[in-house]
Amino acid sequence: MADKKKITQLAAGDRTIPPDGAKMIPFYLMGSEYLVPETLTIMKAVEYAGYQYIRGCGCRGGICGACATFYRFTGDYRLKAGLACQTVVGPGMIITQLPFFPANRPDYNLDNLDNTRGDLHAELRRLYPEVFKCIGCGTCTRTCPMDIDVMDYIALMKRGDLKGAAYKSFDCVMCGLCASRCPAQISQFTAAMFVRRLVGKYMLPKAGHLEKRIEEVKSGKYEKMLKKLSKMKPEELRKLYIEREREPDLAEPGVWMPEDKECL
Ligand code: SF4
Ligand code: SF4
Ligand code: FES
């Protein structure tokens, strides 16, 4: 393990190279102190300190939810939470990452819900009874790095407004931070995923063009093209990708068509 005097930069590229004159600040990771540039995100500071991510890191862009992190500042009792790839370090920051949170993920098959009989709310009550134990403390909402009003989507679920809960939770990146702090032991994010699946399957109109495309895929329509692509060399694939026909940014939906219709 590197210490603050002997830091070896492991990450490639410019991710850990601080700008000239960047102020160095103390940062605490697994009980050790490191001096890191104040301009870095938590993720880059961890790499600057000599660690290499093999878990707890994915998109680096605030989308995948893999880098949930808790932190405190020395001298401040408050526990804070954020995504390591989005949160900038501060002096005296003490962190721990949460690469995976053991959420409640009951088994279900959306095509064969046991008790549905048209009552989707009954399915929610059966699979996620703990949702109805929410005490309205708001800790989940205060913890969410995506600024989602988690408490509110749980309240919508309780009231039976599944569509409302699905839309309200849509930006969830499944980081699990809300569930890790819930005094009622609710796995808000997996319950919300279940509700979004219910809404997508049973409440929203079917996307006709998508069903058509799924049938085409199942019938093997694209097998020949796939085989052709898998035999190409990387440089040929790169050229094909760069020279592909692209839909203009402001094209009307459904109006633009590529000249080469072989893959349609
Ligand atoms: S709702 Fe929960 S799991 Fe989803 S982004 Fe917010 S804190 Fe993370
Ligand atoms: S943290 Fe749990 S109990 Fe508190 S408002 Fe959120 S879901 Fe309800
Ligand atoms: S690495 Fe994907 S959200 Fe941080």
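Select L29 and I95 to begin: L29 stands opposite I95 in strand 5. Before you click on, know that this is a predicted model, where local features need pLDDT of at least 70, side-chain atom pairs count only at pLDDT 80 or more, and totals for chains, interfaces and linings use all residues. Residues are numbered from 1 along each chain as its sequence is written, while chains are lettered from A and ligands numbered from 1 in the order in which they are written.

**Stop 1: around strand 5**

Now colour residues 24-29, which are strand 1; three bridges join strand 1 to strand 5, and the two run parallel. Helices (H or I, at least four residues) and strands (E, at least two) are DSSP runs, numbered from the N terminus. Two strands count as paired if DSSP finds at least two bridges between them.

Next, pick strand 3, residues 68-73. Strand 3 runs antiparallel to strand 5, with five bridges joining them. Click on F73 and you'll find its bridge partner in strand 5, M93. Do likewise with Y71: its partner in strand 5 is I95.

Which residues of strand 5 are on its covered face? Show the side chains of residues 93-97: M93, I95 and Q97 make up the covered face, and I94 and T96 the uncovered one.

**Stop 2**

Strand 3 and strand 4 form a hairpin with six residues between them. Zoom in on G75 in the turn, which has a positive phi of about 85 degrees.

**Stop 3: two domains**

Zoom out and colour domain 1 (24-97) and domain 2 (110-203); these bounds come from an automatic or database domain assignment. The domain centres, taken over C-alpha atoms, are separated by 29 Å. Eight residues from domain 1 and seven residues from domain 2 make the contact, where two residues touch if their C-beta atoms, placed from the backbone, lie within 7 Å.

**Stop 4: ligand 2**

Finally, select ligand 2. Of the 15 residues around ligand 2 (C-beta atom, placed from the backbone, within 6 Å), C134, C137, C140, M151 and C182 come nearest. Helix 3 (139-143) and helix 4 (150-159) are the elements that give two or more residues to this shell. Helix 4 gives the most, three residues.

How values were computed:
Buried ≥ 20, exposed ≤ 12 C-beta atoms within 10 Å, placed from the backbone.
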